[in-house]
Each structure stands twice: as structure tokens, then as C-alpha cells.
Amino acid sequence: MNSDNTTFTEELNNPILNTGLHIILTTDEDDARPVYISGNFNNWRTQEKEFMMEKIGIGLYHYKFSHDFDYPKELLYKFTKGDWSEVEIDSRGNRTENRSTHDHTGIQKEYVARWRKNWLPFKQSFLPQVQLISDEFIIPQLNKTRKIWALLPHDYDNSNESYPVMYLQDAQNLFNEAAEFGNWEIDKKLAVMSEYKIGKIIIIAIEHAEEDRVKEYNVGKTVLGKGQGKKYIRFVTDTLKPFVDSNFRTKKEREFTGIGGSSMGGLISIFSGLRNPEVYGKLMIFSPSLWVVPELKINSEKADTADTKIYLYAGGDESETMIEHIKKFQNDLISSEFVKDKSKINLSINRQGKHSETYWSDEFPKAIEWLFFNTK
């Protein structure tokens with residue numbers, strides 16, 4: 001053991017210095033990521049610097065609560081590598097229950113066998129039911145057909161519960177193992193969310209139009225030419241949503257209805273929300289192609305926007321202007337008062353993030369949780 005550990009051990013054994021509660025954590029899986037302790041004492045926030053544990057050896061961490069710390073009656077806590085997608089799990093990949101203590105002094109020794117990575121692994125029994133709504137769902141507004149999927153909670157058939165709904169673009173890349181550029185793995189992420197009882201939701205996945213994808217996701221006349229986005233938005237809003245609400249147990253109100261996507265799929269989702277705030281109360285916008293519409297007009301006079309929630313994500317390694325554009329969009333939303341309360345906009349930036357499914361996959365469960373369930 002190095003000299004730092006020797007000093008640490010001496011401190012623990014010194015009755016004068018030994019005030020407050022000491023948490024000592026050992027783990028078999030160790031890497032460069034910091035370890036945080038979160039719990040009912042900090043509203044389960046996972047990246048607070050004041051609750052980052054000190055690394056004192058290989059696989060050995062320490063945290064000391066101050067002598068005047070305001071303890072809850074029962075201290076509940078868990079360890080993470082900085083996010084719930086990287087929370088502790090047991091040796092078999094199962095979730096662990098909350099740890100607890102009533103002690104305010106002394107030493108609490110803990111052990112973590114493994115850590116989740118990007119929300120995985122998952123349990124097969126919690127996978128959503130994937131149902132093909134139609135191979136050729138009619139889009140009357142565009143005189144086309146489209147393949148559309150529904151991902152239902154794993155226990156949908158054994159329940160009478162109704163669920164919120166998220167409409168997502170680019171279904172080919174959401175859960176298809178054969179997708180050319182990878183997929184979001186939303187089925188696996190939903191399985192973990194169900195296992196952790198974060199919340200249950202119906203996902204409606206709409207396949208894109210292949211070679212006409214950009215045209216369908218482009219609204220009006222832009223740098224990409226004339227788009228068909230207005231007709232596509234009418235299809236999702238006026239045709240698909242009523243069908244879904246009639247055939248599945250959904251919570252139909254705007255506060256339980258969301259729309260989202262990435263890149264051009266994120267752009268069309270922005271327009272869907274701005275044009276129909278009475279329908280969509282949740283927007284999930286990943287790496288949107290805002291460069292297509294440099295001067296995006298936001299109409300704040302529309303009704304029913306007060307409680308709209310918008311989750312924005314961008315990666316720092318996507319383009320030179322991605323973060324600049326998404327921050328401007330955030331500021332425009334606030335200044336236009338389309339969203340009345342700043343806390344209803346969540347901006348997540350990954351400085352190393354690339355324009356790819358891998359990063360959108362990691363962000364998906366965080367966005368769903370914040371938009372619809374807003375728990376730990």
C-alpha cells in the first residue's frame with residue numbers, strides 16, 4: 001500500500017479525526033472513470049463534484065461525509081461512474097438495490113462487482129414487444145406507404161395500463177441489428193429502464209423514405225430545395241397519431257405525447273413541435289440539422305406551450321457549427337418564450353460526441369427519462 005493509503009488508514013484509526021461517516025468502496029472492475037456516490041441526500045444526482053469519491057488505490061475508493069452533514073433519517077445511496085447508464089451492477093449483470101445506513105459516524109465498507117456501460121447489459125424478459133403495425137401504412141398526404149413499428153412495454157398484454165407515446169423518425173436505425181451504421185438499441189435500453197422501474201412508454205418508430213428521406217424531412221424552401229416536410233408532419237399528426245390512439249392503450253394528451261429524432265429527423269421533429277404544440281408536449285432533438293434553416297422562426301403565440309419540455313443533444317465532434325447552432329436554438333426558444341420556463345429545456349453536450357447512432361443510443365434513455373418520468 002502506498003504512503004497515501006497509509007496516511008488514510010491512520011486517519012481512520014484516529015478517534016479525534018474520525019468524525020462523520022466514511023464510505024470505503026472496493027471494486028473488481030477499475031478504470032479511469034471517476035466514481036460518484038449519489039442518493040436521497042442529493043436528489044440522486046450522479047455527477048456532483050462534491051460527492052466524487054477519492055481514489056486511494058487500484059479498485060479502492062473513499063468518501064467522507066463532513067462532521068456537520070445534514071443526514072436524512074435513513075441514508076440511501078448507490079455508486080455510479082457518473083451516470084445511471086454506468087451504475088453499479090452485481091457479478092451477473094443484475095441491478096443492485098439501494099444501499100442504506102442509519103449511521104452518521106464510523107466506517108461503512110462497500111463492494112461493487114461490475115458497472116453498466118451505456119445502459120447494458122439487459123434482460124431478455126424486459127425487452128419490449130415489437131409489433132409491426134404495417135408494411136405499407138398509407139400516407140395520404142404524400143400518396144405513399146411506409147413501414148411503421150410499435151414497441152410496447154414488455155408486460156403490455158398483462159396490463160390494463162395506458163402509456164405515454166414517443167414518435168421517432170428513422171426506424172431503420174433504432175433497433176435493427178443489421179443497420180448499416182449501427183442502431184440506437186432502443187429495445188435494449190427500454191428493457192433496462194423497465195427493469196429499473198424508471199417508467200414505461202410506447203415508441204412508434206416510423207421508417208424513413210430511403211432516397212426521399214431528406215425531401216420528406218425538409219420543411220418549405222431551404223438550402224436543400226423544396227421539401228415535403230409540411231405534408232409529412234400532417235401525416236404523423238393527423239393520420240398516424242389518431243390511428244395509434246385508437247388501436248393502443250395510449251395517454252392521448254399533449255403532456256404524454258412526444259416526437260423526436262436525430263439529424264434531419266431531429267429537424268423535422270422540431271418543426272412538428274413548433275407547428276403543433278397542442279399535440280406534442282415533449283420534443284427529443286438529437287444533433288439537428290439546423291444549418292438547413294439558418295433563420296428558424298419560432299411562433300410563441302401558439303397556445304399550450306407553457307409546459308412543453310425539450311431535450312436537446314449535440315456532440316462536439318460532429319461539425320464545426322453543431323454546438324453553436326444548438327445553443328442558438330436554445331436561446332431562441334427562451335427569448336421567444338415558446339418555452340416559458342428555462343428548466344423545461346435540457347441541453348446535453350458531449351464534447352467527444354460524433355454524428356452517429358452510438359452517441360444517440362447513449363442519450364436516448366436519458367432523454368426519455370427526463371422528458372416523461374423525471375425521476376432519479
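**Exercise 1.** Which residue in β4 is the bridge partner of E54?

*Solution.* A quick heads-up: the model you're looking at is predicted.
- Step 1: find the two strands. β3 covers residues 54–57 and β4 covers residues 60–64.
- Step 2: check how they run. β3 and β4 are antiparallel, and three bridges join them.
- Step 3: look across from E54, and you land on H62 in β4.
- Step 4: follow the chain from β3 to β4. The two strands make a hairpin with two residues between them. In that turn sits G59, whose phi is positive, at about 65°.

**Exercise 2.** Take strand β12: which residues lie on one side and which on the other, and are they buried or exposed?

*Solution.* 
- Step 1: sort the residues of β12 (165–168). V165 and Y167 are on one side, while M166 and L168 are on the other.
- Step 2: apply the cut-off. Buried means under 20% relative accessible area, and all four of these residues are buried, so both faces of β12 are covered.
- Step 3: find the neighbour. β12 runs parallel to β13 (residues 202–206), with four bridges joining them. V165 has I202 as its bridge partner in β13.

**Exercise 3.** Where is N299 found, and why does N299 count as partly exposed?

*Solution.* 
- Step 1: locate N299. It's in the loop between β17 (282–286) and β18 (309–315).
- Step 2: use the numbers. Partly exposed lies between the buried limit of 20% and the exposed limit of 50%. N299 has a relative accessible area of 38%, so it is partly exposed.
- Step 3: From N299 to P153 you count 146 residues in sequence and 35 Å in space, C-alpha to C-alpha.

**Exercise 4.** What radius of gyration does the protein chain have, and what would a compact globule with 376 residues have?

*Solution.* 
- Step 1: start with the globule, which would come out near 21 Å.
- Step 2: compare. The protein chain has 23 Å, which agrees with that value.
- Step 3: The C-alpha atoms fill roughly 80 × 45 × 40 Å along the principal axes.
- Step 4: The protein chain has seven helices and 19 strands, and 54% of its residues count as buried. Among contacts with a separation of 6 or more, 73% link residues 24 or more positions apart.

Note on methods:
Residues are numbered from 1 along each chain as its sequence is written. This is a predicted model: local features need pLDDT of at least 70, side-chain atom pairs count only at pLDDT 80 or more; totals for chains, interfaces and linings use all residues. Side-chain values use heavy atoms; hydrogens and water are left out. The radius of gyration is taken over C-alpha atoms; the globule rule is 2.2 Å times the number of residues to the power 0.38. Buried means under 20% relative accessible area, exposed over 50%, partly exposed in between (1.4 Å probe, protein chains only). Contact means heavy atoms within 4.5 Å. Two strands pair if DSSP finds at least two bridges between them.
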